[in-house]
There are 2 protein chains.
Amino acid sequence: MSAERKEAKRERILDAAVLEIARHGYYGTTVSTIARRAGVADGTIYLYFKSKEEMLVSIFERAMQLFSAQAQQIVDERGAGAEDKLCRIVALHLSLLGEDRDLAVIFQVEFRHTLHVLELLSRSGIRDYLALIARVVDEGKAEGVFKADADPLFTAKVVFGVLDEMATDWVLSRKNTRLASRAEPVSDLLLGGLRAS
Amino acid sequence: MSAERKEAKRERILDAAVLEIARHGYYGTTVSTIARRAGVADGTIYLYFKSKEEMLVSIFERAMQLFSAQAQQIVDERGAGAEDKLCRIVALHLSLLGEDRDLAVIFQVEFRHTLHVLELLSRSGIRDYLALIARVVDEGKAEGVFKADADPLFTAKVVFGVLDEMATDWVLSRKNTRLASRAEPVSDLLLGGLRAS
DNA sequence: CCAAGAACTGAATAACTATTCATTATGCTA
DNA sequence: TAGCATAATGAATAGTTATTCAGTTCTTGG
């Protein structure tokens, strides 16, 4: 079997896992269910993943890669100001989760539990993301548009916390709002607290 | 058996459950383990709780009661300004979780998963809490110290999000910092974004 | 077209554990 | 203190499910 076809099947299994786990939770989803939805036999799962838990880790890694790559691009851009970069990261975060409710559920609900199992391992992906935001805060201080006494990592955690709560709130609410529509008010409030006076 | 002694035993079981679940997760903790730590037989658990899940709900309710009662007191106080009230709620939130790491772990990690099972049920406790914060924002607007265009519920979610992220970060970090020490910088940043200019 | 290795299958296995309930202990009242 | 109700026990039950592996089907290079 060609490498591409193998990769495609792996993706299909992962997609099935995202869908089922989002709807029924990690412990409420059996390997058989995932296999059935992916259209493979139970045993086949184990040709692609060492265990059920490894599947969850893979979901996290695949999503985090998408996330980080795009955020990185925003941060690296030359010529853009820190305020603008921060707004775009906020918008990106809310858009990516807002586009895929199943993935959002897994991020906001299932990983929280898994973090307990994986502990700092999974958090390391978040740490990189926080560092990225912190860099933007640092730039803003250098530009003189953010308060000189803002602690970059602390500020990054505040930003992440707000985004995270928005996402969780959206996931748990039944209303049919767009998550991305909250980007502007979030940016406004955060920038209000950050700007040099 | 007297009602007090019964209540005391119920509390002992709940304490044992908090300890074990915080350390090993809900699914990593067996009813037998909780029973052993509480010093009772497995079957005894079921004289006090209908099921394992009900134990978790009881933990949530017991803690939320403590939480809400104190927050309510702050909000109800006459003569205090909205800025001051907000600062005190921030401090309260971080103190209560900071005083009891096991409880904090359950709140920040285990309940996230359980929310999936209990869905909006558990969130309703949070909803009341959010409403309380929103009321303070409203007062601040009436006093003229907060921006006139601040949306109270949205702002409450932002505040909660920041507090929540601080708590999660503290729970997952191994460092021996005090959670409550972040109250001041959190308040500063939030008030900076909220104040009328 | 045909090995032969790669990929896949799914029933069987091997735990694991929430909950029950027949039995025993305890405490209270008269 | 006897008798009765209440409380506690913990071994047995009943069900669940991740993982394995012996056997089958597909692919492909010569």
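Start by selecting α3(B): with four residues, this helix gives the most to the surface near DNA strand D. Helices here are DSSP runs of H or I with at least four residues, numbered from the N terminus, and "near" a strand means that a residue's C-beta atom, placed from the backbone, lies within 6 Å of it.

Before going on, a word on what you have open: this is a predicted model, where local features need pLDDT of at least 70 and side-chain atom pairs count only at pLDDT 80 or more, while totals for chains, interfaces and linings use all residues. Residues count from 1 along each chain as its sequence is written, with chains lettered from A and ligands numbered from 1 in the order in which they are written.

Stop 1: Two or more residues each come from α2 (31-38) and α3 (42-48) of chain A, and from α1 (3-24) and α3 (42-48) of chain B. Color by class and you get seven nonpolar, seven polar and five charged residues; Ala, Val, Leu, Ile, Met, Phe, Trp, Tyr, Cys and Pro count as nonpolar, Asp, Glu, Lys and Arg as charged, and the others, Gly among them, as polar.

Stop 2: Which residues come nearest to DNA strand C? Out of 18 around it, they are A41(A), G43(A), T30(B), G43(B) and S51(B). Here α1 and α3 of chain A, plus α2 (31-38) and α3 of chain B, each give two or more residues. The largest share, four residues, belongs to α3(A).

Stop 3: Pick I34(A), A35(A) and A38(A), which are buried (20 or more other C-beta atoms within 10 Å of a residue's own, all placed from the backbone). Now look along the axis of α2(A): its buried residues fall within an arc of 100°, so they line one face of the helix. That arc is taken from the directions from the helix axis to the C-beta atoms.

**Stop 4: a helix crossing.** Finally, show α1(A) and α4 (residues 52-76) of chain A, whose axes come within 10 Å and cross at roughly 100°. Therefore α1(A) is roughly perpendicular to α4(A) (the label covers 65 to 115 degrees). The axes are lines fitted to C-alpha atoms over the stretch in contact, with angles from 0 to 180 degrees between N-to-C directions. Select L14(A), A17(A) and V18(A) in α1(A), which meet M55(A), S58(A), I59(A) and R62(A) in α4(A); contact means C-beta atoms, placed from the backbone, within 7 Å.

Methods: A residue is buried if 20 or more other C-beta atoms lie within 10 Å of its own, exposed if 12 or fewer, and partly exposed in between; C-beta atoms are placed from the backbone. Angles under 35 degrees count as roughly parallel, over 145 as roughly antiparallel, 65 to 115 as roughly perpendicular and the rest as oblique. Two residues are in contact if their C-beta atoms, placed from the backbone, lie within 7 Å.
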